[in-house]
Every structure is written in structure tokens, then in C-alpha cells.
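Trainee: I've got this one open and would like to go through it. Can we start with the strands and then move to the packing?

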Amino acid sequence: MRAEFPDFRLGNVLATSFTATLTERRGNAVERIPTPQRLVDWLAVNGLAVESCTTAQLELARELRESIHAAATAAAIQDSLPASAVQVINDCSAQGRAAAILTPEGKRRWRLSSASCVEDALSVIAADAISIIAGERDGKLALCASQTCQAAFFDTSQSRTRKWCDMNTCGNRQKRARFNASQRKNGTAARTGGI
């Protein structure tokens with residue numbers, strides 16, 4: 001990966017990992033696919049390798065990403081799915097020609113119709129989004145408790161009570177903030193108690 005770009009946040013669910021290519025949505029947003037090549041990089045990391053990507057394909061990918069985020073957010077708060085988001089997800093799902101392939105190791109892999117077909121890769125992501133938003137998989141959609149993040153994520157924990165999209169970022173940031181607040185409070189109490 002190129003050092004001048006922020007690292008990708010990778011999760012176990014393709015669709016919500018894709019929405020994490022834009023993070024800190026309610027704070028200082030971080031775009032993790034700012035160029036067509038970065039989309040190519042992200043797709044490769046996620047088993048959907050393509051050789052190239054145009055600016056128009058990058059814009060389509062971002063439109064899909066935002067549509068998945070909008071629909072997943074609505075599903076997480078049990079609100080009506082936005083019709084425009086549903087349309088984009090369905091259109092992307094229908095326009096691809098990816099095929100699921102079984103590997104000799106018993107794993108599923110995706111075969112795209114051509115090495116440069118970003119639309120095929122996006123159709124796989126859209127289909128994944130459909131399966132989690134429709135409730136076809138074991139887990140539940142939730143929103144990150146971080147006020148600056150609010151990312152939609154798919155909670156597969158046993159209790160389905162996970163609070164953070166990523167414990168290594170949002171969760172640790174929150175724990176650190178609580179610890180620092182506690183230290184300030186204890187430090188202030190110690191200083192004022194001895195006077």
C-alpha cells in the first residue's frame with residue numbers, strides 16, 4: 001500500500017468494510033479511496049482484483065458506498081430504507097457478472113468477467129450488502145458509538161452488543177478519553193483535597 005494514503009480498515013464483512021473507506025463521517029472525514037488506483041488496491045486486498053479503474057468507476061463505487069451506508073444506517077436504527085439508496089444497491093448488484101468459484105481448499109472466491117471490470121466487483125459488494133441488510137446472515141447491523149465516526153458495522157458478537165466499529169481505533173480512542181478524564185478528575189481531587 002502507498003504510504004501517502006491512510007491504511008484501509010478491513011473487517012470480516014465485505015459491505016461494511018467497503019463503507020469504512022470513508023471514516024470519521026461526523027468529524028474530520030478520512031477518504032481512504034481518494035484515487036482510482038486506491039480503489040483498485042482496496043478491491044485487491046478484498047479478493048476482487050481488477051487491473052484498472054476509471055474516474056467514473058470510482059464515482060460509481062463511492063455512490064454505492066454511500067448508498068450502502070445510508071441503507072445500513074437505516075436498518076440499524078430500524079428506519080425505512082432510503083429508496084434512492086436501495087435503487088443504487090440494486091442497480092449495482094444487477095449490472096455485474098461475477099461468479100462464485102469454489103477453490104480446492106473449499107473456500108469461495110469471486111471470478112470477475114474481465115480483469116478491468118470494476119462493475120463486477122461492485123456487484124459482489126452490493127450483493128453482500130443486500131444479504132446483511134435483508135437479515136439473511138447471523139448478526140445485526142449497528143452504528144459505532146463514537147460521535148465522530150457513526151460507521152455502520154455488522155455485529156456478529158455472541159451478545160450482539162458491540163459498541164465500536166473497530167476496537168483498535170474507535171474503541172481504544174474512547175477508552176483513552178475515559179482514562180484521561182479519570183486521571184484529570186483524580187489529579188484535581190488529589191490537589192484540592194490536600195489544601
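Trainee: Which residue in β4 is the bridge partner of A99?

Mentor: R111. Keep in mind that this is a predicted model.

Trainee: How many bridges join β3 to β4?

Mentor: Four, between residues 99-102 of β3 and residues 108-111 of β4, and the two strands run antiparallel.

Trainee: What about the hairpin, how many residues sit between the strands?

Mentor: Five, and G106 in that hairpin has a positive phi near 85 degrees.

Trainee: Changing topic. Which residues touch the most other members of the largest nonpolar core?

Mentor: F18, L39, L43, L64 and I125, out of 36 residues in that core. Elements that each supply at least two residues include α1 (14-19), α3 (55-76), α4 (83-95) and β6 (152-155). α5 gives the most, with nine residues.

Trainee: And what does F18 touch?

Mentor: Leaving out residues up to four places away in sequence, F18 touches I33, L39, W42, A61, L64, R65, I68, L122 and I125.

Trainee: Which residues of α2 are buried?

Mentor: R38, L39, V40, D41, W42 and L43 are buried in α2.

Trainee: Which helices do they pack against?

Mentor: The buried residues of α2 pack against α1, α3 and α5.

Trainee: What follows α2?

Mentor: G47, with a positive phi near 75 degrees.

Technical notes: Residues numbered from 1 in each chain as written. Predicted model: local features only at pLDDT ≥ 70, side-chain atom pairs only at ≥ 80, totals over all residues. Heavy atoms only, no water. Core = buried A, V, L, I, M, F, W, Y, C linked by side-chain atoms within 4.5 Å. Buried < 20%, exposed > 50% of the residue type's maximum accessible area, 1.4 Å probe, protein only. Contact = heavy atoms within 4.5 Å. Pairing = 2+ DSSP bridges.
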